[in-house]
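Here are a few notes to read alongside the model. Take them one at a time, and keep the 3D view open as you go.

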Amino acid sequence: MNRYPRDFRGHGPNAPDARWPGGAKVAISLVLNYEEGGENCLLHGDAQSEAFLSDIAGAQPWPGMRHWNMESLYDYGARAGFWRLHRLFTGRGLPVTIYGVATALARNPEQVAAMKSAGWDIASHGLKWVDHRDMPEEEERAQIHEAIRLHTEVTGAPPRGWYTGRCSLNTVRLTAETGAFDWISDTYDDDLPYWLEVGDRNQLVIPYTLEANDMRFATAPGYIEGEQFFTYLRDTFDTLYAEGSDGAPKMFSIGLHCRLIGRPGKIAGLIRFLDHARAHYGVWFATRTQIADHWAATHPHRRIERPSQMTRERFVERFGSIFEHSPWIADHAFDLELGPAHDSASGLHNALARVFRSASRDQRLLVLRAHPDLAGKLAAAKRLTPESTAEQASAALDALTDEERSRFQRLNEEYVAKHGFPFIIAVRDNTKASILLAFQTRLANDTEQEFTIACAQVERIAELRLKDQLL
């Protein structure tokens, strides 16, 4: 099967109402990445020094060498930045989610004790703070399991959430396959949680952020002062708060790092933002596990039969009648590059319509001729397809007077005699009166014009039929 795995649809045009506790307009997730002691370093058995997310401009890894300056910047996060942030969050009674690198947590027992004392949500940030991009699948799987083991040993409880960060193409699947996590966050693709089906596992995903994130202090373009960070967080919050006030509450993730936002000039911007957000009514500061628990209880996953995952036989069986008596359209559509975007009514309609539009004129004419006359002999003999029967009944065409039936039959005959195919109209968009008016109007059109109109109406009928079956 030619299947495209990326999901461009997500929640679609009508995202679910998050129904945050207390009717909150926005849920704010404060995430503190704890990586100090888990980064690339020869002391940790790595082949080179760290080069990512520090205040050293243009840092490069030093193969086979320790980088004293880089190590000291990471050390600052543990020695000073963490405690400054700990005082800020505990002083304001704000819940925090820790993304804890297992080896970093093991090297920082006092900080772990402070996290636990504060009641913070300690999720796993992997075994080491290294790039998983080129890591073989079996090695990554082994590291995930070792991260869970070490995390449990160090903190006293297994992690309920996971975020790798520098992940591979396999990371999300591998973490979901463990069945160990209430949530994973290695995506940046939505403003709300969503469910991901990985084999038999229904895995909750809570998307994270790389833009409302203090890592931008260490990248170009990025923030150069705390005020810029505050401004971006404030503008994001104000937008999401307004959306929530309009009935579409969202989630706001904020990514933080001890060695970055823990600096005095940078944390000042975070403090301004927290004061701004807390001055608003209807703001839920929550850990990611609290968000996961709420979402699982409020929006439990429901598996559906997905068109992009069907066999050819099932696909044609299910959708072969969408275009009247023309299962070949479904059969050809099955061979297109289908994916999650085609598991909705509008998405699948696009695929089926593409086949119909690219067919020859003679093929499309056969589809037109497969449609029954409105209120014609097949209807009278109750020989219409179930779809056509329901459609004609929607405009009361199954309950005509003798005079009305005679009029429809006369118009049908005139139309077919002139154009060579039946009069086709999306009955469910119309009333009996508007159908009769369209009949009279379209009888005056030339055949080429009517062919175009009829094809468009066939597509509309197909769209309505699909909406009966799919969201």
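1. Start with Ser344, which counts as buried because its relative accessibility is 1%; buried means under 20% relative accessible area, exposed over 50%, and partly exposed in between, using a 1.4 Å probe and protein chains only. Ser344 sits in the loop between helix 11 (327-333) and helix 12 (345-358). Helices are DSSP runs of H or I with at least four residues, strands are runs of E with at least two, and both are numbered from the N terminus.

2. A word on what you are looking at: this is a predicted model, in which local features need pLDDT of at least 70 and side-chain atom pairs count only at pLDDT 80 or more, while totals for chains, interfaces and linings use all residues. Residues are numbered from 1 along each chain as its sequence is written, and side-chain values use heavy atoms, with hydrogens and water left out.

3. What does Ser344 touch, not counting residues up to four places away in sequence? The list is Arg9, Leu470 and Leu471, where contact means heavy atoms within 4.5 Å.

4. Now for the charged pairs. The model has 31 salt bridges, each being a side-chain nitrogen of Lys or Arg within 4 Å of a carboxyl oxygen of Asp or Glu. One of them joins Arg173 and Glu137, with the closest N and O atoms 3.1 Å apart. Arg173 is in helix 5 (residues 171-177) and Glu137 in helix 4 (residues 137-155), so this pair ties together parts that are 36 residues apart in sequence. Both belong to a network of salt bridges that links Glu137, Glu138, Arg141, Arg173 and Glu177.

5. Have a look at Glu459 and Arg357 too, whose closest N and O atoms are 2.7 Å apart in a salt bridge. Glu459 lies in helix 18 (residues 447-469) and Arg357 in helix 12, so the pair ties together parts that are 102 residues apart in sequence. Glu459 counts as buried at 13% relative accessibility, whereas Arg357 is partly exposed at 46%.

6. Next, the nonpolar cores: a core is a set of buried Ala, Val, Leu, Ile, Met, Phe, Trp, Tyr and Cys residues joined through side-chain atoms within 4.5 Å. The largest has 46 residues, and Phe315, Phe319, Phe323 and Leu352 touch the most other members. Helix 18 gives the most to this core, with eight residues. Leaving aside neighbours within four places in sequence, the contacts of Phe323 include Leu352, Phe356 and Val458. Apart from this core lies another, of 44 residues, among them Leu32, Phe237, Ile261 and Phe285.

7. Finally, helix 6 (residues 226-245): which of its residues are buried? They are Gly226, Phe229, Phe230, Leu233, Thr236, Phe237, Leu240, Tyr241 and Gly244. These residues cover an arc of only 140° around the axis, which puts them on the same side of helix 6; the arc is that of the directions from the helix axis to the C-beta atoms. An α-helix has 3.6 residues a turn, so residues three or four places apart point the same way. The cover over the buried residues of helix 6 includes strand 1 (26-34) and helix 8 (264-278). After helix 6 comes Gly247, with a positive phi near 95°.
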